[in-house]
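I opened the model today and kept notes as I went. The entries follow in the order in which I looked things up.

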Amino acid sequence: AYQSFLDEAALAAGKDPIDFRLELLAATPTAAASAGGRPGMVASRMADVLKVVRERSGWDNRKSLPKGIGMGVAFYFSHSGYFAEVAKVKVEQNGSWRVLKVWCVGDIGSQIINPINAQNQAQGSIVDGISEMHQKITFDKGRTTQSNFYDMPLLRMDYAPQIDVHFHVTNNPPTGLGEPALPPVLPAVANAIYAATTKRIRTLPVAQSELRWT
């Protein structure tokens, strides 16, 4: 909700969504420790991953994309990990949609422990996050009506996007990885859907009937 709202605020201000976020981060005070004793977000580190994902994704060329294809951006901080992601989404006129590619840039410190697993963690988080945009749980007489993954599907291989993961190495201690890579993909996809259709996503799962365009 936060990152989707930032996109709406950027539109209202007539500003590029990444520029708008960078302006907010530039005005953010130095982080204090969180309630759990962990350090809070350092705005300059988040700004750096946004700048890198902007370059890697070709963000500044997105206006040349055909109608029905859009790009969206979002960032997230948790477990002292900094992640910014750009999603490229295609929405057909009948409202069916798929994510074509996701660029993911993370700052998790000076050392990437187990690099292959780190890539897998980020890729899996992105696949899981996109899956959540298709999923729902409903109840009947206090019981869930979904009983297995055929009722609440995960992305299959032929529907999964290309994923570009890059770790922005900095002079900071190694920090968390798995969790912070997942949340930004949902608003990045939602913002990309808006760019492709001018239709805002405010509820999940994303319904095909709501995305039809002419």
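This is a predicted model: local features need pLDDT of at least 70, side-chain atom pairs count only at pLDDT 80 or more; totals for chains, interfaces and linings use all residues.

Residues are numbered from 1 along each chain as its sequence is written, and side-chain values use heavy atoms, with hydrogens and water left out.

I followed E2 into E3 (residues 97-107). The two strands run antiparallel and are joined by 10 bridges. I count strands as paired if DSSP finds at least two bridges between them. Their hairpin has five residues between the strands, and Gly95 there takes a positive phi near 95 degrees.

Then I looked at the other neighbour of E2. E1 (residues 69-78) is joined to E2 by 10 bridges, again antiparallel. One pair I noted is Ala74 with its bridge partner Glu85 in E2.

Is E2 enclosed or open? Of its 11 residues (81-91), nine are buried, so E2 is largely enclosed by the rest of the structure. My cut-offs for relative accessible area are under 20% for buried, over 50% for exposed and partly exposed in between, with a 1.4 Å probe and protein chains only.

**Entry: the turn between E1 and E2**

Two residues separate E1 and E2 in their hairpin. I checked His79 and Ser80, which both sit in the loop between these strands. His79 has a positive phi of about 50 degrees although it is not a glycine. Ser80 is also not a glycine, and its phi is positive, near 60 degrees.

Which of these is buried, and which partly exposed? Ser80 is buried, with a relative accessible area of 11%. His79 is partly exposed at 33%.

**Entry: Arg56**

I moved to helix H3 (residues 43-57), where Arg56 is found. Its relative accessible area is 36%, so Arg56 is partly exposed. What does Arg56 touch, leaving out residues up to four places away in sequence? I listed Trp103, Val105, Asp164 and His166. A contact here means heavy atoms within 4.5 Å. I also took a C-alpha distance: Arg56 and Cys104 are 48 residues apart along the chain and separated by 9.0 Å.

**Entry: Lys63**

Lys63 is in the loop between H3 and E1. I read 76% relative accessibility for Lys63, so it counts as exposed. From Lys63 to Ala195 there are 132 residues in sequence, but 9.6 Å in space, C-alpha to C-alpha.

**Entry: Thr170**

I then went to the loop between strand E6 (162-167) and helix H5 (185-197), which holds Thr170. At 13% relative accessibility, Thr170 counts as buried. Beyond residues up to four places away in sequence, Thr170 touches Arg45, Asp107, Gly109 and Ser110.

**Entry: a cis peptide bond**

I checked omega from Leu204 to Pro205. The value is near 0 degrees, and the bond is cis. Pro205 is in the segment after H5.

**Entry: the whole protein**

Last, I stepped back. I found five helices and six strands. The helices (H or I, at least four residues) and strands (E, at least two) are DSSP runs, numbered from the N terminus. Along the sequence, the pattern is α-α-α-β-β-β-α-β-β-β-α. The radius of gyration is 18 Å, close to the 17 Å that the globule rule gives for 214 residues, so the protein is as compact as a globular protein of that length. That radius is taken over C-alpha atoms, and the rule is 2.2 Å times the number of residues to the power 0.38. I noted a C-alpha trace spanning about 45 × 40 × 30 Å along the principal axes.

Buried residues make up 45% of the 214. For contacts with a separation of 6 or more, I noted that 67% come from residues 24 or more positions apart. The protein exposes about 11,400 Å², and carbon and sulfur atoms supply 53% of that. I took these accessible areas from the Shrake-Rupley method with a 1.4 Å probe; for residues, only the protein chains shown count as cover.
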